[in-house]
Amino acid sequence: MVKLIARSPCEGLLPYEAGGIDLIEVPPLCITSISPYRGQLSKLSAALKSAHGAAFPAPNRTTGKEGARVIWSGIDQAFLIGDAPADRRLAEYAALTDQSDAWAVVRLQGGAAANVMARLSPLDFNSAIFKSGYTARTELHHMMAVITRVGLAAFEIMVMRSFAATLVHDLKTAMKSVAAQERLEGQAAARR
């Protein structure tokens, strides 16, 4: 009989650091897709707030905090990340689907993290525009991703598990490029 070994999506690929920017895998968490039934959004939001301390988010926003965060992920859809649904009443108001094994989640952090993201996505990652708690379902290089700013210089990026190696490769390439550019700019400034 074959023995299967559970592995995280980015096992053996991370962590990675370049130029003061860190890329780490977020440990596998419970990820539950929540799609409210027609006319049940306010009841669902109240039940989420009661059970997890986080209401159903507005488009492109998150609610809650690390450990029990609700991230907008599309029209009438969000992800509860961290906690498993604690209240059975949630199922009265929404379709719930466990997607824990379907996603790879990484965190990119460091002073130039926004510059790395700008090389891969069409979004404006300026902290005055894409603020902490903002999220977007968007293109990241050539894959679809859910990108959330979780701090002034930190982003959590979710892609389908099958794209984990591609995500890490693309982020590492962009990180190396940003680090090299900053080195060259530092050397040029030192010569002046």
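Reader: Which residue in the turn of the hairpin formed by β9 and β10 has a positive phi?

Author: This is a predicted model, in which local features need pLDDT of at least 70, side-chain atom pairs count only at pLDDT 80 or more, and totals for chains, interfaces and linings use all residues. Residues are numbered from 1 along each chain as its sequence is written, and side-chain values use heavy atoms, with hydrogens and water left out. Strands β9 and β10 form a hairpin with 2 residues between them, where strands (E, at least two residues) and helices (H or I, at least four residues) are DSSP runs numbered from the N terminus. The residue in that turn with a positive phi, of about 60°, is H141.

Reader: How many bridges join β9 to β10, and which residue is the bridge partner of L140 in β10?

Author: Two strands are taken to pair if DSSP finds at least two bridges between them. Strands β9 and β10 run antiparallel and are joined by 6 bridges, and the partner of L140 in β10 is M143.

Reader: Is H141 buried, partly exposed or exposed?

Author: The scale here calls a residue buried under 20% relative accessible area, exposed over 50% and partly exposed in between, with a 1.4 Å probe and protein chains only. H141 lies in the loop between β9 and β10, and its relative accessibility is 40%, so H141 counts as partly exposed.

Reader: In what order do the strands of the open sheet stand?

Author: The open sheet is formed by 6 strands with antiparallel pairing. Strands β1 (16–18) and β9 (135–140) stand at the edges with a single partner strand each, so one side of each is left without a neighbour in the sheet. Neighbouring strands are turned by 25° against each other on average, direction ignored, where axes are lines fitted to C-alpha atoms, for helices over the stretch in contact, and angles in general run from 0 to 180 degrees between N-to-C directions. The order is β1-β2-β8-β11-β10-β9.

Reader: Which helix lies across β1, β2, β8, β9, β10 and β11?

Author: The chain has 4 helices and 11 strands. The helix that lies across these strands spans residues 164–191 and runs at about 20° to β1. It is α4.

Reader: What is the relative accessible area of T148?

Author: T148 lies in strand β10. Leaving aside neighbours within four places in sequence, T148 is in contact (heavy atoms within 4.5 Å) with residues including T62, I71, F130, Y134 and F155. T148 is buried, and its relative accessible area is 2%.

Reader: How far apart are the C-alpha atoms of T63 and Y134?

Author: T63 is found in strand β4 (residues 62–65), and its contacts beyond four places in sequence include A54, P57 and V70. T63 and Y134 are 71 residues apart along the chain, while their C-alpha atoms are separated by 9.5 Å.

Reader: Which two residues are joined by a cis peptide bond?

Author: One of the two, P15, is found in the segment before β1. The omega of this bond is about 15°, and the residues joined are L14 and P15.

Reader: What share of the residues of the chain counts as buried?

Author: The C-alpha trace spans about 65 × 55 × 25 Å along its principal axes. Among contacts in the chain with a separation of 6 or more, residues 24 or more positions apart account for 61%. Of the 192 residues, the share that counts as buried is 44%.
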